[in-house]
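Colleague: I would like to learn how to read salt bridges, cavities and strand pairing in a model of this kind. Could we take these features one after another?

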Amino acid sequence: MAFWLARERRAQESTFMQRFDPRFWTVNFPRPAMASVVTTGPDSLRVDVELHNAGELVGLIWDSVDTLDHPLLAYQADRDYAHTTLSFRWRSEGVIALDQPNGPTLTIEGRDAAGLPRTWYVRLWNYAQGTPTDARITLPFSRLESGYGLPGEPIHPGDIDRMFISLVAPGHVPGSTAPLPAMFGGSVEMTDIVADGARAMIELGDVLVPPHGERMATAYDDAYNQTPARLLRAVIGLGYREDIVHYVGMSHFMRLARQAGGELHVEAGGQLCEPAVVWHRNLFELAKVAELEVIASLSYELFDAYCPESWKQRTASGAPALTGWVPPSTLLSPANPAAMEWLADVARVFVALLEAADLPVRFQIGEPWWWVTPTRQICLYDDAAKAAFGGNPPIIASVAAQMDAAAKALLDAAGALLAQSTAALTASVRDAAQGPAEILLLAFTPTILGSKTPELYRANLPAGWAWPAFDRLQLEDYDWLTGGADAARRAAYAFVDTWLGYPLADQDYLAGFVLDPADAELFWTRIDKGIDEAAMRGVDRRYVWALPQVNRDGYTRLAPPPEQAMDPFDDVPYPFALGRSASVAPEFSTSIAVTASGHERRNSLWSDARLHFDVGPGIRSEAELSELITFFRARRGPARGFRLTDPFDNSSNAMNGNPTMLDQLIGIGNGERADFQLVKSYGGGAEPQVRAITRPRPETLVVSVGGAATTAWTLGEKGMLRLLSAPPPGAEVRVGYRFDVPVRFAEDRLDISAVNFAAGEAPSVPLIEIRETA
C-alpha cells in the first residue's frame with residue numbers, strides 16, 4: 001500500500017485554534033520527579049506532580065514550535081507574542097503558592113531585540129488578582145517585566161522559543177539533591193484559558209486520513225509529557241482505528257518509596273504515582289469517547305535505579321541484567337515471588353482503570369524473557385532462579401556456544417518457569433476483571449530465534465506458551481524487518497506456527513521501529529512493506545510501532561482506493577512466434593543541452609531502455625490473423641499487458657545462449673539479506689546498464705550461491721528470488737534464466753486490411769514495453 005513521509009504541510013486541510021490550547025502544553029522534569037498534564041475541558045488543564053528531592057522542579061511548557069506532532073497535524077510555528085495576552089484562572093494545591101519565594105514563575109526563553117539569546121523570569125504573582133492559591137492571572141506579553149518585583153526589566157515578546165511555568169514543593173532548594181522529609185504530591189489547575197489580542201489564533205493542521213485498516217502502538221515512557229488528548233488526536237487523524245497497544249512503560253508509572261539506604265525503589269503493592277493514575281484515567285476515558293479500545297501492556301522491564309536488587313535477573317558472575325538504554329533498565333526475575341507479585345498488583349490497577357472507563361479488559365504481557373547480554377550470557381542466576389533450578393545450576397557461559405544435555409535441560413527449566421510466571425500474571429488479570437479479559441502475549445523473534453543462539457527458544461519461547469495459553473499471540477521482528485533479513489523473518493513465522501500453534505486468526509503483527517531519523521526513508525519503506533506482507537499472510541490486526549516515530553518522520557499510511565484496480569497484466573504469452581522479420585527498437589530518454597560553444601551536456605533520464613516492437617510481420621495466415629484480433633480484443637487493446645519473447649534478447653547468457661547458474665550476478669550476501677531481484681547487466685566496467693527482469697520463465701531458472709548450485713529458493717512476483725536462508729557475507733548470488741518482456745498493444749486500434757494481407761503485405765502491430773516496478 002502507498003505511504004508518504006510528510007515533511008511539512010502543503011495545502012492539506014487546516015483550521016485555526018486559540019493560542020495556548022490546553023491540548024498542546026507539555027511537562028518536563030528530572031528523575032526521580034513524576035508529573036503529568038491532562039486536559040479537563042476545551043479551555044482547561046491539570047498538572048499533577050510527585051517530588052522526592054528538594055531541588056526538583058516541574059515545568060509546564062508551551063513551545064512556539066510544534067516538534068511533537070505529525071507535520072500534517074502540527075500547529076503553526078509562531079515566535080512573535082507581541083500584543084498577545086494570555087489569561088487563566090490558577091488554582092493550586094500543595095505546590096509553593098504564588099506569593100512565596102520560589103513560587104510559580106514564568107520562564108521565557110528567546111532572543112532580545114538585538115537577536116541575542118536571553119532568558120527572562122516573570123513572577124506570576126505580579127500579574128495575579130486573587131489569593132496565592134486561587135487567582136486570575138493575566139499576562140500581556142508586550143508589557144511583561146522580568147524580576148521578583150515590579151517594576152522590572154521588560155521582556156522582548158517578538159522572538160520567543162518557549163516558556164514554562166515552574167512548580168516546586170515547599171522547602172525547595174534550587175539544585176539540591178537532598179531528600180524531602182516525605183514524598184510530596186501537589187497539583188495545579190488552569191481553567192478558562194484565553195488568548196487575546198494580536199496573533200491570538202494560530203493555524204493548526206486538520207488532516208483526517210481515511211481509515212486504512214492499521215492500528216497504532218504507543219508507550220507512556222514516550223508520551224508522559226504530553227496530554228492524552230493530543231495523542232488520540234494524532235491516532236484518529238492519521239487513520240488508525242479499532243484499538244491501540246499502550247505500553248505502560250518501565251520508568252514513569254510507578255510510585256517510589258524511600259529506602260533505608262536513601263535510594264528510591266518502587267513502592268510495594270504495585271502502586272502507581274498519582275500523575276500516572278490521572279494521565280491513564282484521562283487516556284482511557286478519551287479513548288472510550290473516540291471509540292478506541294486500549295490494550296494495556298506491561299513488561300518485565302523496570303528502570304534499573306528503581307528496582308530492588310533481589311528482583312533483578314543476573315548473569316552467572318552476578319552482574320545484573322542491564323539493557324542498552326541510557327540510563328539502563330533491568331529485567332525482573334520470573335523466579336522472584338516479590339517481583340512477580342508487584343507486576344500482578346500493577347496489572348490489577350490497570351484492569352480497574354480500564355473498567356472504570358467502561359473499556360473492555362485487554363491486557364498484553366510484553367516481551368517477557370530471560371535477558372541475554374551482548375556477550376551472549378543469559379541471566380538465569382539470580383538467587384531466586386538458582387534456588388528454583390536446584391541451587392547449583394550448570395553455568396552456560398554463552399548461549400551461542402554448543403549446548404550439552406545439561407545446558408539444554410536448564411534452558412527448558414527456565415522456559416517452564418517463565419511460562420509459569422506469565423500464567424500466574426494471566427490469572428491475576430482474569431481474576432481482577434469483573435467480566436471477560438483478553439490476554440495477549442508479545443514476543444520479539446530476532447532475539448528469541450537468532451541464528452547465533454539456536455537453543456535460546458527453549459528459555460524464551462517456552463512450550464508452555466502454546467495455544468491456547470493466551471487469547472492472542474503478537475509478534476514483532478523489527479530488527480530483521482528494517483535490516484532486510486527476510487529469510488530469518490519467514491523462518492521465524494514458520495517455526496512459531498509449528499511450535500506454538502496459534503491460528504493466524506489469533507495472531508497480530510507489530511511493525512516498526514525507526515530509532516534514528518537518518519534511517520527514515522529506508523526503514524519506513526521496509527516497515528510499510530512488512531505491514532502489507534502481514535496482511536497477505538492473513539494477519540488481520542497489524543500495529544505500527546510507535547506513534548512518536550510516526551509523528552517525528554511524518555509517516556502517513558494511505559488508505560486503499562474504494563475499489564481495487566483491475567489487474568492490468570494477463571500472464572499469458574503472445575500467441576505467435578516472432579520471426580526475423582519482426583522489429584525491435586530499444587529507446588532511452590536523454591536530455592541534451594548544447595552550450596554556446598557547441599559543447600553538449602547530456603543527462604540520461606532513464607536508467608533502463610524501453611522496448612518497442614512491431615510484431616505484424618509474424619502473422620502468416622488468415623487463421624493467425626483471426627487469432628490476433630481475438631487476442632487484441634481479449635486484452636482490450638492496450639488496457640492489459642502480456643508476455644512477449646524478444647527474439648533478439650531472451651536469455652541471461654549473452655542474448656540467446658543457454659542459461660547457466662553463473663550468468664548474472666544479482667547480489668552479494670551479507671548474512672541477513674535473502675531476497676534478490678533478478679537483473680541482467682549490459683556492458684562491462686564498473687557501471688554496466690542494469691535491467692530488472694520481472695517476467696522470467698520459472699522452469700529455466702538456475703541459481704548458485706558462492707559458486708555452488710542450490711535449489712533452496714522460491715521465485716516471488718516480479719522476478720524476486722527468495723533464498724530459504726541468507727547467503728553468508730561475501731558470497732556471490734548468481735543466476736541463469738530465460739525471460740519474456742512485459743508489453744501491451746501500443747494503440748487502441750488495430751488496422752488490418754484483408755486485401756493488403758492477401759497481397760502479401762504484413763499488418764503493423766506495434767507493441768510497447770511496460771515498465772514494471774520490481
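Predicted model: local features only at pLDDT ≥ 70, side-chain atom pairs only at ≥ 80, totals over all residues.

Colleague: How many salt bridges does the structure hold, and with which residue does Asp 243 form one?

Modeller: The general idea is to look for a side-chain nitrogen of Lys or Arg within 4 Å of a carboxyl oxygen of Asp or Glu. In this structure there are 54 salt bridges, and in one of them Asp 243 is joined to Arg 362, with 2.8 Å between the closest N and O atoms. That pair links distant parts of the chain, since Asp 243 belongs to strand E18 (residues 243-247) and Arg 362 to strand E24 (residues 361-366), 119 residues apart.

Colleague: Are Asp 243 and Arg 362 buried or exposed, and which residues are linked with them in a network?

Modeller: Both Asp 243 and Arg 362 are buried. They also belong to a network of salt bridges that links Arg 215, Asp 243, Glu 293, Arg 362, Glu 438 and Arg 541.

Colleague: Where do the partners lie in the salt bridge between Asp 477 and Arg 489?

Modeller: The side chains of these two residues meet at 3.0 Å, N to O.

Colleague: Why does Asp 477 count as buried, and what holds for Arg 489?

Modeller: The call rests on relative accessible area, where buried means under 20%. Asp 477 counts as buried because its relative accessibility is 1%, and Arg 489, with a relative accessible area of 2%, is buried too. For another case, take the salt bridge between Asp 412 and Arg 458, at 3.1 Å from N to O, which links Asp 412 in helix H6 (residues 405-432) with Arg 458 in helix H8 (residues 457-460), 46 residues apart. Here Asp 412 has a relative accessible area of 36%, so this residue is partly exposed.

Colleague: Turning to the cavities, how many are there of 30 Å³ or more, and which residues line the largest cavity?

Modeller: The idea is to ask where a 1.4 Å probe fits but cannot get out. The count comes to 2 cavities of 30 Å³ or more, and the largest has a volume of about 50 Å³. Its lining includes Met 216, Thr 218, Ile 244, His 246, Trp 279 and Leu 547. Helix H2 (228-237) is among the elements that give two or more residues to this lining, and H2 supplies the largest share, 3 residues. By class, the lining has 8 nonpolar, 2 polar and no charged residues.

Colleague: What classes of residue line the second largest cavity?

Modeller: That cavity holds about 30 Å³ of space, and its lining divides into 4 nonpolar, 2 polar and 3 charged residues. Asp 63, Asp 66 and Arg 230 are among the lining residues.

Colleague: Finally, which strands are joined to strand E46?

Modeller: The general idea is to look for at least two bridges between a pair of strands. Strand E34 (residues 610-614) runs antiparallel to strand E46 (residues 766-769) and is joined to it by 3 bridges, with His 612 having Ile 768 as its bridge partner. Strand E45 (residues 741-745) also pairs with E46 in the antiparallel sense, over 3 bridges, and Phe 745 stands opposite Leu 767.

Key:
Residues numbered from 1 in each chain as written. Heavy atoms only, no water. Helix = DSSP H or I, 4+ residues; strand = E, 2+ residues; numbered from the N terminus. Buried < 20%, exposed > 50% of the residue type's maximum accessible area, 1.4 Å probe, protein only. 1 Å grid on protein atoms, 1.4 Å probe; cavity = no way out; pocket = protein on both sides within 12 Å on 5 of 7 lines; lining within 4 Å. Points joined across faces, edges and corners; volume = space filled by probe spheres on them. Nonpolar A, V, L, I, M, F, W, Y, C, P; charged D, E, K, R; others polar.
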